[in-house]
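Trainee: Could we go through this structure together? I would like to start with the overall picture and then turn to particular residues.

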Amino acid sequence: MLAAHDTAKGELLLTEQPLLCTQTLDSWPLSLLCAHCSLPAGSLEEALVLQTGGRRRSLAQAAAATQSPRPSPAAAYWCEQRCGAAFCSEACRRLAAPAHSLLCAARDEGHPIRELHSAAKASSETLLLAAKLVAAAVAGALEQDEPAAAAAAAAAALYEALGAVAPADGDGGA
């Protein structure tokens, strides 16, 4: 990297937002990381519940039952649909909402999104990572009020993530 000017030792040269942060499926049941930025989320009490066999959804449901957004100042911010996704702050929950709502696992049994999560757990985390990339692209395009661009970006990202060649226009993939 070349700098345009002299820099002091320890000076910050670059900051950037990650395209995507995700927690591995192996660590999901054992630790609370923010579903948006991957920073630690939640209290020590919540972490101990998970480490001793408790479940995320139980924690999220208990938090919802208190009728308070957070039962304690250090508690996680939970997905409002109670899928078990935790966030480190209200800001992260709000920033993640457009993409998270597309892949939120708080769906009825047999719903395609639930099936996607089950398939990812059974076969490969790469499937869920690809879905998260597509959801982020779709959510970004929808926020810009460009549904056609969102569909095209989502399709292109999905084909690229799966290592396939996108069908030609008008082909329909059949």
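Trainee: What percentage of the residues in the protein is buried?

Mentor: Please bear in mind that this is a predicted model. Buried residues make up 25% of the 174 residues in the protein.

Trainee: And what is the accessible surface of the protein?

Mentor: The accessible surface comes to about 11400 Å², and 57% of that belongs to carbon and sulfur atoms.

Trainee: Which pattern does the protein follow along the sequence?

Mentor: The pattern is α-α-β-β-α-α-α-α. The secondary structure comes to six helices and two strands.

Trainee: With which residues is Ala96 in contact, leaving aside its neighbours within four places in sequence?

Mentor: Ala96 is in contact with His36 and Phe87.

Trainee: A change of topic: how many salt bridges does a search of the whole structure find?

Mentor: The search finds two. In one of them, the side chains of Arg93 and Glu90 meet, with an N to O distance of 2.4 Å. Glu109 forms a salt bridge with Arg114, where the closest N and O atoms are 2.7 Å apart.

Trainee: Why are Arg93 and Glu90 separated by about one helical turn?

Mentor: Because the two are three residues apart in helix 3, which covers residues 90–103.

Trainee: Does Arg93 count as buried or exposed?

Mentor: Arg93 counts as buried, because its relative accessibility is 13%, under the 20% cut-off. Glu90, with a relative accessible area of 34%, is partly exposed.

Trainee: And Glu109, is that residue buried or exposed?

Mentor: Glu109 is exposed, as its relative accessible area is 65%.

Trainee: Finally, which residues form a nonpolar patch on the surface?

Mentor: Leu19, Leu129 and Leu133 form such a patch, and together they have about 280 Å² of accessible area.

Trainee: Where is Leu129 found?

Mentor: Leu129 lies in helix 5, residues 125–143. At 34% relative accessibility, Leu129 counts as partly exposed.

Trainee: One last point on contacts: what share of those with a separation of 6 or more comes from residues 24 or more positions apart?

Mentor: Such residues account for 44% of those contacts.

How values were computed. Residues numbered from 1 in each chain as written. Predicted model: local features only at pLDDT ≥ 70, side-chain atom pairs only at ≥ 80, totals over all residues. Heavy atoms only, no water. Patch = residues over 30% accessible without salt bridge, like charges linked within 9 Å, V, L, I, M, F, W, Y side chains within 5 Å. Areas by Shrake-Rupley, 256 points an atom, 1.4 Å probe, with all protein chains shown as cover. Salt bridge = Lys/Arg side-chain N within 4 Å of Asp/Glu carboxyl O. Helix = DSSP H or I, 4+ residues; strand = E, 2+ residues; numbered from the N terminus. Buried < 20%, exposed > 50% of the residue type's maximum accessible area, 1.4 Å probe, protein only. Contact = heavy atoms within 4.5 Å.
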